[in-house]
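Thanks for asking me to look this over with you. Here are my notes, as numbered points to read beside the structure.

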Amino acid sequence: MEPYIVKQTIMNKDQKAVGYEIMYADDQVEMWQADDTTAANAIETFLSSIDSDNFIGGKTAYITFTRNLLVKNIPKMFDTDKLVIQIEDQLITNPMSHSLITKFKQNGYKIAVIDFEFAPRYFGVLDIVDYIKVNFKNHNDPTLENVIRIGKSFGKGMIAYNIDCAEAYEKAKLYGCISFQGSYVSEKMPAALQKSKVMQGNFMMLMVAVNRDEPDIDEIEEIVSRDVNLTYALLKLVNSAYFALRNRAKSVKQALVILGLGQLKQWIYLLSFKTDDGTMPDELIKLSFLRGSFCAELVEFADDMPISRSEAYLMGMFSTLGKLMQMPIGDVLAQLPISDDIKLALTDHAGRSGMLYDAVIAYENAEWTKMKELAAELGIPKDMISEKYCECVQSVNSTWDKLMQATDFGDDED
């Protein structure tokens, strides 16, 4: 069976991504219920069909392993600095399993335990544990603070997961967790970020123009040309060392042709949220790209959709605008010349466009049952969803790296 694979960002206290948990399931089971076959299939797919380093952006992968996968030395397929071995708490207290895990620890792998309990039987095995993951789904649970306090007293890095609201995030920080994971975390803004000047007018028109079914290069040139900041930034980008042009681009149209519409739409978005001190919500912007790409791919397979591929891209891309602009999403969308289908999908989750958006969010949050139900109602074949997601992740990461190299946020090009 085709496994579903998704990555979820793990952030540190500075809101920087330190790794990604690779979550998986198949058509029959949810995550945490996965047997050895499901887990093996997912990990094999991750390693054989995906550029795993590109998929996780060169960061650390957190992957849950069953006992049999440990016996088969599957973690050794990963470099020690690219993997944290996650295990469920009951596994670590089993004497045979403990011996296996100890060998991996001695070989240089980091070990994380999910939902560790501080009962006497656990204290003797803490020496091989680096991280303890604490479930904040019920963030009002009075035992959470004690669990984290005890874990810290043993020198363990405490990771809070299922952080799905601001209150849970603030409590996890207050209790002393070092890293955070959940839907709220993936969309959280860096505290220092402020609204960009570019966002106030021309950006809105430009994003719509480049995402038309048949973009008009003259219209795009006109929008860019009337904004001195956009014009300067575009020419600086295209004339950077990355493009290695024999002759410098001297006009906006020339620069647009060199850059291409594919990179242009992502560069615009990237530029729009860069502040004077270089601060950007990297993960949230990448999430915008990913949602846009994923929506655009899935809409091709859905039945009776009222929006085109380019509109589906806009829907996914604009889904984070409320967070990025620090305004209610409805207020932001009201300013945009986009279809009512997109606006209602993002504000009210309405119509078939809303179902497509909800399916993408369900996949993102590893809500497999909900995702499969929505996909079935839309007529999207379930056997290609994970493949398209992985393709989108790798494409977004590749484009992101290129844009970061070419844009050079640190220093101006001469």
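**Notes on the model**

1. Let's begin with one serine. Ser-353 sits in helix H20, which covers residues 351-364; helices (H or I, at least four residues) and strands (E, at least two) are DSSP runs, numbered from the N terminus. Before going further, please keep in mind that this is a predicted model, where local features need pLDDT of at least 70 and side-chain atom pairs count only at pLDDT 80 or more, while totals for chains, interfaces and linings use all residues. Residues are numbered from 1 along each chain as its sequence is written, and side-chain values use heavy atoms, with hydrogens and water left out.

2. Is Ser-353 buried or exposed? With a relative accessible area of 1%, Ser-353 is buried (buried means under 20% relative accessible area, exposed over 50%, partly exposed in between, with a 1.4 Å probe and protein chains only). Not counting residues up to four places away in sequence, Ser-353 touches Met-305, Pro-306, Ile-307, Met-315, Asp-341 and Ala-345; contact here means heavy atoms within 4.5 Å.

3. Helix H20 also holds Ile-361. This isoleucine counts as buried, at 17% relative accessibility.

4. Is Lys-388 buried or exposed? Its relative accessible area is 15%, so Lys-388 is buried. Which residues does Lys-388 contact, leaving aside its neighbours within four places in sequence? They are Phe-294, Glu-297 and Phe-301.

5. Next comes a pair of helices. Two packed helices are described by the angle between their axes and the distance between the axes. The axes of H11 (residues 217-225) and H13 (residues 252-259) come within 9 Å and cross at roughly 120°, which means that H11 is oblique to H13. Axes are lines fitted to C-alpha atoms, for helices over the stretch in contact, and angles run from 0 to 180 degrees between N-to-C directions. Angles under 35 degrees count as roughly parallel, over 145 as roughly antiparallel, 65 to 115 as roughly perpendicular and the rest as oblique.

6. Who makes this contact? H11 contributes Ile-217, Asp-218, Ile-220, Glu-221, Val-224 and Ser-225, and H13 contributes Val-252, Lys-253 and Leu-256. These residues divide into 5 nonpolar, 1 polar and 3 charged (Ala, Val, Leu, Ile, Met, Phe, Trp, Tyr, Cys and Pro count as nonpolar, Asp, Glu, Lys and Arg as charged, and the others, Gly among them, as polar).

7. Asp-115 is a residue other than glycine with a positive phi, near 60°, and its place is the loop between strand E5 (110-114) and helix H6 (120-123). At 33% relative accessibility, Asp-115 is partly exposed. Asp-304 is not a glycine either, yet has a positive phi of about 55°. You will find Asp-304 in the loop between helix H15 (282-299) and helix H16 (309-318), where it counts as exposed at 67% relative accessibility.

8. Finally, step back to the whole protein. It has 22 helices and 8 strands, and 56% of its 414 residues count as buried. Among contacts between residues at least 6 apart in sequence, 64% join residues at least 24 apart.
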